[in-house]
Amino acid sequence: MTKSLEQHRKDIVEIGRRIYQLGYVAAFDGNISVRLENGNVLATPTAMSKGFMAEEDLVIVDPEGRAVEGKRKVSSEIAMHLLIYRLRSDVQAVVHAHPPCATGYAAAGVPLTKAILAEVVLVLGCIPLTRYGTTGTSELTDAIRDYVPRHDALLLANHGVVTYGSDLFLAHAKMETVEHFARISLTTKVLGRETLLSGEDVDKLLVAREKYGIRGPSPVGEGCPALGEEGSEPRITLTRSQLVDIIQSALMSLQKGR
């Protein structure tokens, strides 16, 4: 069922409030858009908190980014949204935000590509890291161009996260999944070990993906996601003092053997 323009406006305002309440954006951060039936794009304005928008604050641009309707100026990052729409005919909504943990990974230069969680592999495959591009310039669109056709969520180096889907609520759900995954991944690092799914495990998830009717690009290929090795030895974690004791014991054994 096709939504009316009025309903799309309500949806964007609602998602703006959600990402603000979740702490995924601060101040004027982030932007949200929906592709309309006529090809134009309804988007959030620049310099406005996503938690305090009204329906009349939203703006409409054409596929080239030219203003069509609205009293405010569109977000300076609209070019990123328009590129995603051009490259993905199946995408009808885009959400860009700065969820703290996932953005921490992006700032650290660490992608979320390991097969740790079955649900993430099932829905997203993995979340790669794009190179840095200056906000509001062609550098940003150039940085994501090669990733958009193959992924539904991206970490933007030193910037944030962008997710997209067949409707706005699905795009927002993917943003939540990315941040949830980042927190769990960070927890494994704090605990000092992580167990990755095997290739066989991932193959089964691909079968389940088809069963559940999950659409979008294939989530697996060329190291995405990074898999565990079949029959590999378990990882052993040592404290600094334990490692020192082992080294000293080995040195003493060598000295006695001389």
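This note goes through the predicted model point by point, from the overall fold to single residues.

1. Overall make-up. The protein contains 8 helices and 8 strands, and its C-alpha trace spans about 85 × 40 × 30 Å along the principal axes. Of the 258 residues, 43% are buried, while the accessible surface comes to about 14,000 Å², with 53% of that area belonging to carbon and sulfur atoms. Where contacts link residues at least 6 apart in sequence, 66% of them join residues at least 24 apart.

2. The 8 strands make up an open sheet with mixed pairing, and their order across it is 4-3-2-1-5-8-7-6. Strand 4 (67-69) and strand 6 stand at the edges with a single partner strand each, so one side of each has no neighbour in the sheet. Strands of a sheet pair through backbone hydrogen bonds, in either a parallel or an antiparallel manner.

3. Helix 1 (residues 5-21) lies across strand 1, strand 2 (41-43), strand 3 (59-61), strand 4 and strand 5, and runs at about 155 degrees to strand 1. Helix 2 (residues 78-87) lies across strand 1, strand 2, strand 3, strand 5, strand 7 (153-156) and strand 8 (160-165), in this case running at about 35 degrees to strand 1.

4. Helix 1 against helix 6. The axes of helix 1 and helix 6 (residues 168-191) come within 10 Å and cross at roughly 10 degrees, and the two helices are therefore roughly parallel to each other. On the side of helix 1 the contact is made by Asp11, Ile12, Ile15, Arg18 and Ile19, and on the side of helix 6 by Leu168, Phe169 and His172.

5. The disulfide. The model has 1 disulfide, which joins cysteine 126 to cysteine 224 with an S to S distance of 1.6 Å. The link between cysteine 126 and cysteine 224 is left-handed, with -100 degrees about the S-S bond. Cysteine 126 lies in the loop between helix 4 (118-123) and strand 6 (129-130), and cysteine 224 in the loop between helix 7 (199-211) and helix 8 (240-256), so the pair ties together parts that are 98 residues apart in sequence. Both cysteine 126 and cysteine 224 are buried.

6. Cysteine 101 takes part in no disulfide, and the nearest cysteine sulfur, which belongs to cysteine 126, is 17 Å away. With a relative accessible area of 16%, cysteine 101 counts as buried, because the cut-off for that class is under 20%.

7. Isoleucine 144. This residue is found in helix 5 (residues 138-144) and is buried, with a relative accessible area of 0%. Apart from neighbours within four places in sequence, isoleucine 144 is in contact with Met80, Leu83, Ile84, Thr130, Leu154 and Leu156. The C-alpha atoms of isoleucine 144 and proline 63 are separated by 18 Å, the two residues being 81 residues apart along the chain.

Key
Residues are numbered from 1 along each chain as its sequence is written. This is a predicted model: local features need pLDDT of at least 70, side-chain atom pairs count only at pLDDT 80 or more; totals for chains, interfaces and linings use all residues. Side-chain values use heavy atoms; hydrogens and water are left out. Helices (H or I, at least four residues) and strands (E, at least two) are DSSP runs, numbered from the N terminus. Buried means under 20% relative accessible area, exposed over 50%, partly exposed in between (1.4 Å probe, protein chains only). Contact means heavy atoms within 4.5 Å. A disulfide is a pair of cysteine sulfur atoms within 2.5 Å. Two strands pair if DSSP finds at least two bridges between them. Axes are lines fitted to C-alpha atoms, for helices over the stretch in contact, and angles run from 0 to 180 degrees between N-to-C directions. Accessible areas come from the Shrake-Rupley method with a 1.4 Å probe; for residues, only the protein chains shown count as cover. Angles under 35 degrees count as roughly parallel, over 145 as roughly antiparallel, 65 to 115 as roughly perpendicular and the rest as oblique.
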